[in-house]
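Subject: Structure handover

Hello,

Here is the structure I promised to pass on. Please open it alongside this email.

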Amino acid sequence: MNKVIIRELTLDDKNVFIEAMQRSQSLHHPWTKAPQTSQEFDDYFQRSQQPNQKSFLVCDLSGNIAGIFNISEIVRGSFQNAYLGFFAVIDYAAKGYMSAGLKLVLEKAFKKLELHRLEANIQPENLRSSQLVKKNGFRYEGFSPRYLKIEGKWHGHEHWVMTVEDYIRNDSEVLKKDYIDLVPSNPEWPNMASTEISKLRAVLPPNKIIDIQHVGSTAIPGILAKPIIDIQIAVKSLDEIKTMAISELQKLGYEYWYENPDPKRMFFVKGMPPFGDKRTHHVHISEHDSDQWRNKIIFRDYLLLHPEIAKEYEQLKNNLAREHTTDREKYTDAKLDFINRVLKLAIK
């Protein structure tokens, strides 16, 4: 990663700033218009001095300006929200300087300014900007037509958002709270799953859903399990359901795993720290003819039919939970050999 510093804009930056913005016109057009004249800079600087505005220069280690981030319209009280705007200097574009600078700006926004929410509004065609915020943890929240007037015309914008929970979710102290905890089998788990399935059916289009089933260890009576209800949804097309599923499951309290490396499934979690106190539900969405759907059903059904194998699985999980209490990825990966062995037995 490129080494950068950020600092607030000063009047001494005027000439260098204007020259850099004039040089970068082709990069900014048609997405935004940066100050390019003495008067425009003066107006811009005065705005940056208001208590609800902050402007940060991104500079390389020689002090050269690589880009600018603006935090504007800061609202306090129960909202604690602001808007993020930015533009790069053409010499530094697409070289990692803005990404490095954004990380420092986010630290200022959530730690020093103590904001709860930061929103970047970006035109859909401006792929560089949307990739920048997405890469740094912003979530897509929707689209508004004719949202902002730019150079005399109203343009629609996508809303990309980060909250302080998004920002701190990978902190070591937060990860410690998301530990693996096995508890005795609860006879209420099937009822809890049935209730949640009803809620999911109520918000998802029935013509897109083929089946919804309770899977995972809470679907196997009599064995220790993480007290998390795993629900699997089979759909006709993952592409067709994706946008709708994200927004509707968010209404039910689920967080979507945007960084999921598997394009053949969607994964949602309810209650995961820092978005909640403890995980309560997982939802997996995949296409009905996928290995993801088939294998979870086959594995569950085989354990239901073979209690001795279920007990063997319980012992393995118990050992792994002690070994990988705070590392869910290692815990999950360490079960794969057993799961694959059971799948082969089931298929035979």
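Below is what was found in it.

This is a predicted model, in which local features need pLDDT of at least 70 and side-chain atom pairs count only at pLDDT 80 or more, while totals for chains, interfaces and linings use all residues. Residues are numbered from 1 along each chain as its sequence is written, and side-chain values use heavy atoms, with hydrogens and water left out.

The overall picture

The protein chain holds 13 helices and 12 strands. Both are DSSP runs numbered from the N terminus: helices are H or I with at least four residues, strands E with at least two. The C-alpha atoms fill a box of roughly 80 × 45 × 40 Å along the principal axes. Of the 348 residues, 46% count as buried (under 20% relative accessible area; exposed is over 50%, partly exposed in between; 1.4 Å probe, protein chains only). Take the contacts (heavy atoms within 4.5 Å) with a separation of 6 or more: 63% of them join residues 24 or more positions apart.

The surface and charges

Accessible surface comes to about 18300 Å², and 51% of that belongs to carbon and sulfur atoms. The method is Shrake-Rupley with a 1.4 Å probe. The chain has 48 positive and 46 negative side chains. Lys and Arg count as positive, Asp and Glu as negative; His and the chain ends are not counted. The centres of the two sets lie 1 Å apart, with each charge placed at NZ of Lys, CZ of Arg, CG of Asp or CD of Glu.

Pockets and cavities

The search uses a 1 Å grid over the protein atoms alone. A cavity is a set of points where a 1.4 Å probe fits but cannot get out; a pocket is an open set with protein on both sides within 12 Å along at least five of seven lines; lining residues have an atom within 4 Å of a point. A volume is the space filled by probe spheres set on the points, which are joined across faces, edges and corners.

The second largest pocket has about 1400 Å³ of space. It is lined by 47 residues, and T32, L84, G85, F86 and F87 are the closest to its centre. Strand β4 (residues 81-88) gives the largest share of that lining, six residues.

Two cavities of 30 Å³ or more turn up in the whole structure. The largest cavity has a volume of about 60 Å³. Its lining is Y179, D181, K226, P227, I228, K278, R279 and R328.

One residue to look at

Y258 sits in the loop between β10 (254-256) and β11 (265-270). Y258 counts as partly exposed because its relative accessibility is 27%. Leaving out residues up to four places away in sequence, Y258 touches R139, Y140, I246 and Q250. G137 is 121 residues from Y258 in sequence, yet their C-alpha atoms are 8.9 Å apart.

Best wishes
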